[in-house]
Amino acid sequence: MYRFLVVFIGFAFMSIANAYENPLTGNSEAAKSSKQYHENVSVIRKMHPEFLNHKRDKTLRQGVRTEENSLKGCVNCHANKDETTNEYHSVNDKDQFCSDCHQQVSVSVDCFSCHRTTPGASYKGVR
Amino acid sequence: MSKTLNRRDFIKTTTATTASVATIASGITLTTFAANANENPVTNEKRWGMLIDTNRLTEANIDGMVTACKKEHGWGSEAHSTGDQKSNWIRKLKVKDKATGKVTSLPLMCQHCEEPPCVDVCPTNASMKREDGIVLVDRHLCIGCRYCMMACPYDARSFVHEDLTDQKEDMPRGKGTVESCTLCVHKVDKGEAPACVASVNSDAVIFGDLYDANSKINQTLKKVQSAQIRADLNLNTGVRYSGI
Amino acid sequence: MNIRYEQIQGRSLGFYALVAGLGVLILAALGAVWHMEHNGHWVTGMSNRIVWGMPHVFALFLIVAASGALNVASISSVFNKKLYKPMSRLSGLVSLALLAGGLMILVLDLGRPDRLIVAMTEYNFKSIFAWNIILYNGFFVIVAIYLWMMFERRMNKFSSKAGLSAFTWRLILTTGTGSIFGFLVARQAYDAVIMAPMFIIMSFAFGLAFFILILMASYKWTDRPLGDVVVNRLGNLLGVFVAAVMYFVAVKHLGNLYLAENAGVENFILFGEYVYSDLFWYGQIILGGLIPMALIYHPALRSNRSTLGLASVLVLIGGVIQLYIIIVGGQAYPMEMFPGKEILEGYGGIAAYTPSLAEIMLGVGGIAVALIAVTFLVKFLPFLPESLADEVSDPHHKS
């Protein structure tokens, strides 16, 4: 049952992702950087909830703190900086990185009732 | 250095050396194993603990520990919550012996029990103990039933009573879930000491691996008399006190 | 003699007024929930010291009463008392409805009620709370099956077996509910094995009081005959249960007074200067215990429906007060963290709690949910016997 849900949501996401030529517009590290971080963007689009859930358990329960699939990493790289004020937009603000797709598919994001929505003070840019 | 040290000099030099040795030593011991620690799951070969010497810890030290914790995790500045509704991960307690009248100040936080009552009662496994003895709340699973707060003998847990924004990047916190001292697990995993321990510039608070026979905490615990709060409950706490 | 069951008509002005009134209470409760969940619990009287407030008082009250309301059915199917048989269906219904109301409150008072699915999929089997979730869900299933066997003529022959399993299940369920408190070793007010049996006796009294009120109201409002034999029997039973509750309360408190380590909390509850002592003596003991017993057993008031109704209402009010003292009073008293020492600063003192209107509205809404469920279901399914006149319920009755 759960798998069907994953596949279904996956399709839902694919259709949206396909609608975009380059979703990474805006003023974020990810849009500006030439470095390719994800091996396969369509896999990330489809599977990022599973990756994040898997990683969160490993980090919280087992203390595995690698950069791979860390939510902090997503936020750091994908948060847009406002051109005028030079402040970060929250990734879950309207039309920002996370909510852009999630709005369209009406899937609520529960991450940010607890997690920080902008890069933290210690973030010094991509390494 | 003259052969006969006077008392003041002795204290000065030893504090300076112990402090620096402690910082370096803890750095070394912690980083040597920490080379790959972040990639591998933690194991039960370690048990993190803390020894608090209330005779040497001043009230200012304790206030400093509380401030350091607030700064590290961002609790205590909730806008709407009042009084007991505000989060409180570590607090300063003053206790008076009823017979002798001796007053002791001590910091009280999650005691990181080996047999944590909060973990036993949690219906969803959100309250959990890591293999290395650190007791945490998995806020992904917490439904906010607050049974763990009923069960905790140390009143160590707080319920977030309002919406929060601008959390610290290493410490997600949110409305409707329960939280408590994490022993600065994000720092420990990087080989650093918890913020409160680092804020005290003496050996009044020692942090380390209780199982490691070479660790300072293990060796000190072998020498000095120490106590657990509510030892009668047999919870085998990770936080120990000497001087109470 | 065959008993004929029939739906109520449910077309009168009174019926719609009742439904509308309950509906308003439910809407108010939902509004209160929105208010509390939108803002967070800071708008309630709860805090980190009093983590379970008014909603838990009502929720546990209803859950305890729910298992007790099944007693009437159990007496007929397990102990084979013919007099109670016609009322078995209603007994099962009231029991399910009360449980639904109680669970609704419990869920809506969670910090994250949106994560109910987590509570249903992640189980920690060491947690008595998780066991309770299973027990509550199981109770719904078992009582539903029991009801079906009573309704379906072909299944009637199994109904006493189903009744026995429902009876067993409900004893375990109330034991579990009582153990939620009994297992809290850190708190002086709770850590007592007697909590579990005391909760069972409490459930007998509260559940029966609810049942008597619903039975008398539905027969009066539908003009169906309800004889004195049934009413007096239920009234006597209620008196016995109320006396049993008072016995357990006395044993619990006397036992605690005897233990030096619990003397502090006992003095706080029984003889302190806080609201809990007044609530205990005037509310729980006099209003919820002695007066109802007097109303039930006084010879001049025999067969008096009004005084029995009043006694039932008082038992319920006393029950809410009793749970308030157990739940809120038990948390208000500080934990003994340093035996032999006095805490000067940082922790201790009696925690303050003033219930907010929203918390009370949520609690009352739970009762309304239970009552509206009964109201609708007796309209759509034949739960109520056409007549409970003396010659129907007791074939040997001579008038």
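**Exercise 1. Place M202(C) in its chain and work out why M202(C) counts as buried.**

Step 1: M202(C) sits in helix α8 (residues 195-221) of chain C. Helices here are DSSP runs of H or I with at least four residues, strands are E runs of at least two, and both are numbered from the N terminus.

Step 2: M202(C) is buried because 29 other C-beta atoms lie within 10 Å. The cut-offs are 20 or more such atoms within 10 Å for buried, 12 or fewer for exposed, and partly exposed in between, with C-beta atoms placed from the backbone.

Step 3: Leaving out residues up to four places away in sequence, M202(C) touches V64(C), V245(C) and G319(C). Contact means C-beta atoms, placed from the backbone, within 7 Å.

Step 4: For A186(C), 16 residues from M202(C) in sequence, the C-alpha to C-alpha distance to M202(C) is 24 Å.

A word on the model before going on: it is predicted, so local features need pLDDT of at least 70 and side-chain atom pairs count only at pLDDT 80 or more, while totals for chains, interfaces and linings use all residues. Residues are numbered from 1 along each chain as its sequence is written, and chains are lettered from A and ligands numbered from 1 in the order in which they are written.

**Exercise 2. Describe how chain C meets chain B.**

Step 1: Start with the totals: 38 residues of chain C contact 48 residues of chain B.

Step 2: On the chain C side, α5 (116-121), α6 (128-151) and β2 (341-345) supply at least two residues each. β2(C) gives the most, with five residues.

Step 3: Sort that side by class, and you get 20 nonpolar, ten polar and eight charged residues. Nonpolar covers Ala, Val, Leu, Ile, Met, Phe, Trp, Tyr, Cys and Pro; charged covers Asp, Glu, Lys and Arg; the others, Gly among them, are polar.

Step 4: Now the strands: β2 (residues 90-97) of chain B pairs with β2(C) in the antiparallel sense over four bridges. Pairing takes at least two DSSP bridges. Across from K94(B) you'll find E345(C), in β2(C).

**Exercise 3. Do likewise for chain A and chain B.**

Step 1: Chain A has five helices and zero strands.

Step 2: Here 15 residues of chain A contact 18 of chain B. Helix α3 (residues 41-62) of chain A provides the largest share of the chain A side, four residues.

Step 3: By class, that side holds three nonpolar, seven polar and five charged residues.

Conventions: Two residues are in contact if their C-beta atoms, placed from the backbone, lie within 7 Å.
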